[in-house]
Amino acid sequence: MAISLFDMFRIGIGPSSSHTVGPMEAACRFADRLDTQDDLERTARVHVSLYGSLGATGKGHGTGPAVIMGLEGFRPDGIDPVEMAHRLETVRETRRLSLGGWHPVHFNERRDLTYYRRRTLPFHPNGMTCSAWDEDGNLFCERTYYSVGGGFVVDDNATGADRIVEDDTDLPYPFHTADALLSTCEEHQLNIHELMLANEQTWRPESAIRDEILRIWQVMQECVDNGIQHDGELPGGLKVRRRAASLYRSLQEKQQVALIAPGMSALDWVNLYALAVNEENAAGGRVVTAPTNGAAGIIPAVLHYYAHFCQGADDDGIVRFFLTAGAIGILFKENASISGAEVGCQGEVGSACAMAAAGLVAATGGSPRQAENAAEIGLEHHLGMTCDPVGGLVQIPCIERNAMASVKAIDAALMAMRGDGKHYVSLDKALKTMRDTGKDMLDKYKETSRGGLAVNIIEC
């Protein structure tokens, strides 16, 4: 098993990597499968069944529209959000979609897209089954997929679905635990970012790695820029007002909350960066899955903090940040989970906070052990965090939660940089704790909107 940096950072659309990005990719794979087997023209009808968390909160997370666009051959990193809205309107008005991008089939969203709110498939809570029938009503192709967090998709042949990635590439410096990562770095006198760069060169040359990292960074910056330009309410019915634009104007006019806490204006900007990204995500805009959409604002916020508030910040530091954060993300993916439907929000916001903390340490010249320490601090203080989106939308508490975790990540990096990397609780132990806590957590607290704030908000 080999996971690339660019598996952890994917350009896509909001509001959810597991509920939007993954299902779109899965539906596109199904259409591709029909095309490859010369079965597209044979297809008269398709149906998609959504189970578990996809069925429980899929409507609020935009799963239906994502599936429809996937069936039409679109992928998350290529579709334009504006074009998606137009195509979706056309499909709904005509009750026809272009399967695989060219074969017309009848599609009635009410009939052909089913949300099973309380039924779950094996392996993972985010399951979906795609089916195809011919003109005589015969089912001739059916495939089950699991959207296992962060846009990763596996099919029904997988076991231990959240940790399976279909790539058996031999890496020069393989690692599967934080302890192994640190030991390999020390043995070969490498920093984490140098080790990751060597591994990434298995797939592509160094220049291409750097270019793609900086392209992803550019998309993150564009997401912030888009987020500070829009006022009004977010879609979905909760009438949540967008705050990033007004906060940006306030900071530009130097009217920030520094009146309450002089000297903390940098944190005002960090809050702004995170809010801007997650409001764009909630609105279905273009974001970078990092490592999920629900936690997409944390790494961009900390990267903006590095770029604007850390002395000597440059593109080399940005590259070090991404490579190191990616290594930490791989540890989460292999040893625990980045899926809110599997382990709660500790797997999303907790993982992003840990990745951002380690990345900031690397960008500012810290050692591998200091980076691992920062990641552990970032994760430790999110252990047990539930995923309880109000109304099934990635808005409350998700948007503010990203801002809070961004500040935590910076503080974790600061604490780690003040030490020598020695600490009592290792990242491996924290990861095991997170995995065990997720297993013990009741399903109602894992992205089903059947517990926590999701059911108690009306009492507030």
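D316 and R210 form a salt bridge, with their closest N and O atoms 2.9 Å apart. This pair ties together distant parts of the chain: D316 lies in helix α13 (residues 315-335) and R210 in helix α9, 106 residues apart. The model is predicted. In total, the structure holds 21 salt bridges.

**Salt bridges**
- D316 is partly exposed, at 38% relative accessible area.
- D112 and R111 pair through their side chains, at 2.8 Å from N to O.
- D112 is buried because its relative accessibility is 0%, under the 20% cut-off.
- R111, at 42% relative accessibility, is partly exposed.
- D443 bridges to K446, with the closest N and O atoms 3.5 Å apart.
- K446 counts as buried, at 8% relative accessibility.

**T202 and its surroundings**
- T202 sits in the loop between α8 (192-200) and α9 (206-227).
- Its relative accessible area is 33%, so T202 is partly exposed.
- The T202 side chain reaches the backbone oxygen of N199 at 2.9 Å.
- Leaving aside neighbours within four places in sequence, T202 contacts T169, D170, L171 and P172.
- The C-alpha atoms of T202 and S4 are 9.5 Å apart, although 198 residues separate them along the chain.

**Annotated domain**
- An unreviewed UniProt entry lists residues 4-157 as "domain: Serine dehydratase beta chain".
- Over residues 4-157, the chain is 37% helix and 26% strand.
- The end C-alpha atoms of residues 4-157 are 22 Å apart.

Key: Residues numbered from 1 in each chain as written. Predicted model: local features only at pLDDT ≥ 70, side-chain atom pairs only at ≥ 80, totals over all residues. Heavy atoms only, no water. Helix = DSSP H or I, 4+ residues; strand = E, 2+ residues; numbered from the N terminus. Buried < 20%, exposed > 50% of the residue type's maximum accessible area, 1.4 Å probe, protein only. Contact = heavy atoms within 4.5 Å. Polar contact = N/O pair within 3.5 Å; in protein donor to acceptor, adjacent residues only side chain to side chain. UniProt positions renumbered as here; feature names shortened; annotations may be inferred. Salt bridge = Lys/Arg side-chain N within 4 Å of Asp/Glu carboxyl O.
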